[in-house]
Amino acid sequence: MLAMLALIYWQTVIYGTRQTDETIDAEITGLAEQYRQRGLAGLVAVINERSNPERGSSMLYLLTDQRQHPLAGNLSRWPDLEVQADGWMRFRLSDDGRRDSSPHIAQATSFVLAGGVQLLVGRDLAENTAFRNRIVTALVSSGALMLLLGLVGGIVLSRRALARIETINRTGDLIMAGEFSRRIPLKGSGDEFDRLAQNLNAMLDQIERLMAGMRQVTDNIAHDLRSPLGRLRSRIEMALIEEPSTERYRDVLQQTIGEADQLLATFTALLDIAEAEAGSPRAKLVPLDLAAFARDLADLYEPVAEEKGLALKIETAAQPIEVRGDRHMLSRAVANLVENALKYTPTGGTVRISVTTDGTMARLAVADDGPGIPPDERERVFDRFYRLEASRTTEGNGLGLSLARAVVRLHGGTITLGGNGPGLVATVSLPLAATAEQFERSMPVNNRR
Ligand SMILES: Nc1ncnc2c1ncn2[C@@H]1O[C@H](COP(=O)(O)OP(=O)(O)OP(=O)(O)O)[C@@H](O)[C@H]1O
Ligand SMILES: [Mg+2]
């Protein structure tokens with residue numbers, strides 16, 4: 001703004017000065033013309049006519065003889081001229097004895113004509129000065145107004161912004177002080193601050209959810225490991241109270257080893273889940289024919305199914321369905337689905353394993369006709385240690401599905417549970433090898449989940 005005001009000032013002042021210069025030049029040209037045509041007498045007549053005060057002109061004239069006696073013009077005597085750098089002369093007008101006593105500055109140029117006659121042509125700069133003063137006043141006051149408005153506007157705007165940030169800060173303080181359910185209030189205007197608040201709130205929600213999940217998991221772990229440890233301890237205690245007998249001790253130690261193995265298996269499963277969820281570096285994904293993989297698994301579980309009086313059926317296409325995967329991890333995941341189906345389906349039921357593809361994804365489904373899982377429980381069974389009420393009597397930790405989901409996600413796939421008339425269908429979807437390669441290329445190496 002200052003630069004703009006300065007520019008306006010310079011342009012106006014330069015324009016005024018140039019106009020004065022041009023007016024004086026034109027006047028001189030006119031007078032010279034008269035002098036040439038009509039001689040000194042003509043010049044005197046023209047000057048007298050032009051310097052008539054009734055014309056109200058700001059032009060100044062003085063024609064003097066060689067002894068500096070005025071011959072014509074509106075100045076009473078020859079002024080003290082001061083030559084300026086621009087070639088013009090300046091003098092103070094009040095010195096000339098005119099009735100206007102305030103000191104004006106005038107700009108002039110002078111000539112010596114034939115016979116020592118001197119001519120001075122000039123212009124009173126009073127109007128220019130007045131104009132310049134008006135411009136300066138206008139520019140200074142508009143500058144001051146702009147400064148004031150700018151300051152007030154700036155203060156108001158920054159106050160508003162800072163107030164919003166302060167609200168966020170205060171909420172942050174409260175949350176850190178333990179009020180975890182606090183959220184940043186929204187103004188509803190949808191501006192950047194609202195969006196920031198929304199994002200932070202969403203982040204806080206997610207953190208709270210994760211924390212709740214974590215707490216649930218730790219609680220579950222503590223609870224689920226406490227009972228077997230308690231059983232183990234009381235068994236040993238009982239053996240010590242009873243009559244000492246090598247036979248009995250051997251028996252109890254045998255059982256204790258069994259329980260300790262169970263505990264170790266649980267820990268291993270927990271660690272495996274954690275590792276898979278963190279994007280295990282052990283997962284070396286290699287091309288794998290999912291159809292052959294499923295047939296191998298079915299062969300492996302055939303005897304188990306037979307023993308329990310279940311029919312295990314496998315339906316796969318003859319041609320290979322290639323996915324990229326870690327054989328060991330995938331078989332642990334899928335084996336748990338088959339084990340679940342065999343475990344929870346009553347004798348006489350049928351378990352069906354099928355592998356299909358739709359061009360981008362390979363689908364491995366394990367379907368049974370057992371009791372199934374109610375729709376509203378189908379997400380929760382993926383939580384660590386979560387088991388349906390009805391399954392509490394069967395052996396298991398409730399970790400199998402958690403591990404399966406972590407492993408499948410590590411492979412860039414999904415696992416879902418659905419109904420099967422009576423029964424359950426667990427479906428694992430994995431990207432086909434061609435799609436999987438693209439997926440891997442687009443992901444950073446240690447982030448393949
Ligand atoms: N095919 C199924 N039919 C009915 N219920 C099932 C089936 N599969 C899983 N469930 C239910 O989901 C729960 C969680 O399954 P998950 O495989 O995670 O644990 P688990 O089988 O109980 O124990 P683990 O697999 O650790 O030995 C089971 O306890 C059971 O209640
Ligand atoms: Mg299981």
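This is a predicted model: local features need pLDDT of at least 70, side-chain atom pairs count only at pLDDT 80 or more; totals for chains, interfaces and linings use all residues.
Figure 1. Helix 1 covers residues 2–50 and helix 2 covers residues 126–176. Their axes come within 10 Å and cross at roughly 170°. An angle over 145 degrees counts as roughly antiparallel, so helix 1 is roughly antiparallel to helix 2. On the helix 1 side, the contact is made by Leu2, Leu5, Ile8, Tyr9, Thr12, Val13, Gly16 and Thr20. Helix 2 meets them with Asn128, Phe131, Arg132, Ile135, Leu139 and Gly143. By class, eight residues of this contact are nonpolar, five are polar and one is charged.

**Figure 2. Helix 3 and helix 4.** Helix 3 runs over residues 192–241, and helix 4 over residues 246–277. The two axes come within 10 Å, with a crossing angle of roughly 170°. Helix 3 is therefore roughly antiparallel to helix 4. Helix 3 contributes Ile221, Leu225, Pro228, Arg231, Leu232, Arg235, Ile236 and Ala239 to the contact. The partners in helix 4 are Arg248, Tyr249, Val252, Gln255, Thr256, Glu259, Gln262, Leu263, Thr266 and Leu270. Ten residues of the contact are nonpolar, four are polar and four are charged.

**Figure 3. The crossing of helix 6 and helix 7.** Helix 6 is formed by residues 327–344 and helix 7 by residues 400–410. Their axes come within 9 Å and cross at roughly 140°. The crossing is left-handed. From helix 6, the residues in contact are Met329, Leu330, Arg332, Ala333, Asn336, Leu337, Glu339 and Asn340. From helix 7, they are Gly400, Leu401, Leu403, Ala404, Val407 and Val408. This contact has nine nonpolar, three polar and two charged residues.

**Figure 4. The residues around ligand 1.** Ligand 1 is surrounded by 21 residues. The closest are Arg387, Leu388, Gly396, Gly400 and Leu401. Helix 6 and helix 7 each supply at least two residues of the shell. Helix 6 gives the most, with four residues. The shell as a whole consists of nine nonpolar, ten polar and two charged residues.

**Figure 5. The domains of the protein.** The domain assignment places domain 1 at residues 2–131, domain 2 at 192–277 and domain 3 at 286–447. The C-alpha centres of domain 1 and domain 2 lie 108 Å apart.

Methods: Residues are numbered from 1 along each chain as its sequence is written. Chains are lettered from A and ligands numbered from 1 in the order in which they are written. Axes are lines fitted to C-alpha atoms, for helices over the stretch in contact, and angles run from 0 to 180 degrees between N-to-C directions. A crossing is left-handed if the near helix is turned anticlockwise from the far one by less than a right angle, and right-handed if clockwise. Two residues are in contact if their C-beta atoms, placed from the backbone, lie within 7 Å. Ala, Val, Leu, Ile, Met, Phe, Trp, Tyr, Cys and Pro count as nonpolar, Asp, Glu, Lys and Arg as charged, and the others, Gly among them, as polar. Domain bounds come from an automatic or database domain assignment. Angles under 35 degrees count as roughly parallel, over 145 as roughly antiparallel, 65 to 115 as roughly perpendicular and the rest as oblique. A residue is near a molecule or strand if its C-beta atom, placed from the backbone, lies within 6 Å of it.
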